[in-house]
Amino acid sequence: LRAPTPSAAAELAVPERSGDREILAKLVRRLERTMELRLQDSSRTLEKLQEEWVFTHPERLWENAGQTLDTLCRNLEQAGTRRLEERQQKLDLLAAKLGALDPYGVLRRGYTITENAQGRAVRQPSDLHPGDTLVTRFAQGAVVSQVETVKEGTE
């Protein structure tokens, strides 16, 4: 650019700043309005949240938790009782089976158990020889005897 005078050249080289100040002032006012609107929105949101039942009646949170805890306790107690009853039934069944296998139970029904001198049950005649000592156990006591003769078969 050409300027007729040094003053005119200075005016051409340096832009006028008065318009910039106006733009800056408008931006500041716009920013202030936006911030004010955001603060108002945030305040309204906060007020709505403060009116929620969680904040106005926080004890209600514990009411439901207490009911849930009571229900869980009842369920646990019932489950424990059922489990205990099942275990008791199983124990009774096992005790009955064990009782059926109890050799002294057989003796109480009128049978005897014959053992050799080493205390082992005699199961067949071939386990015995003449002169062997036997112990015959009854429900109420025992008898010691000696083998005279061994007879095998179904006689």
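A salt bridge is a side-chain nitrogen of Lys or Arg within 4 Å of a carboxyl oxygen of Asp or Glu. Asp41 forms one with Arg44, and the closest N and O atoms are 2.4 Å apart. The model is predicted: local features need pLDDT of at least 70, side-chain atom pairs count only at pLDDT 80 or more, and totals for chains, interfaces and linings use all residues. Residues are numbered from 1 along each chain as its sequence is written, and side-chain values use heavy atoms, with hydrogens and water left out.

The chain has five helices and three strands. Helices (H or I, at least four residues) and strands (E, at least two) are DSSP runs, numbered from the N terminus. Their order from the N terminus is α-α-α-α-α-β-β-β. The radius of gyration is 53 Å, well over the 15 Å that the globule rule gives for 155 residues, so the chain is more spread out than a compact globule. This radius is taken over C-alpha atoms, and the rule is 2.2 Å times the number of residues to the power 0.38. Along the principal axes, the C-alpha atoms fill a box of roughly 160 × 50 × 25 Å.

Of the 155 residues, 6% count as buried. Buried means under 20% relative accessible area, exposed over 50%, and partly exposed in between (1.4 Å probe, protein chains only). Contact means heavy atoms within 4.5 Å. Among contacts between residues at least 6 apart in sequence, 19% join residues at least 24 apart.

Side chains of opposite charge can pair when their charged atoms come close. The structure holds three salt bridges. The Asp41 and Arg44 pair sits in helix α2 (residues 18-51); the two are three residues apart, or about one helical turn. Asp41 is partly exposed, with a relative accessible area of 41%. Arg44 is also partly exposed, at 45%.

Another salt bridge joins the side chains of Arg108 and Asp102 at 3.4 Å, N to O. Arg108 is exposed, with a relative accessible area of 60%. Asp102 is partly exposed, at 25%.

Arg137 and Glu115 also meet through their side chains in a salt bridge, at 3.1 Å from N to O. Arg137 lies in strand β2 (residues 133-138) and Glu115 in strand β1 (residues 113-115), so this pair ties together parts that are 22 residues apart in sequence. Arg137 is partly exposed, at 31% relative accessibility. Glu115 counts as buried, at 15%.
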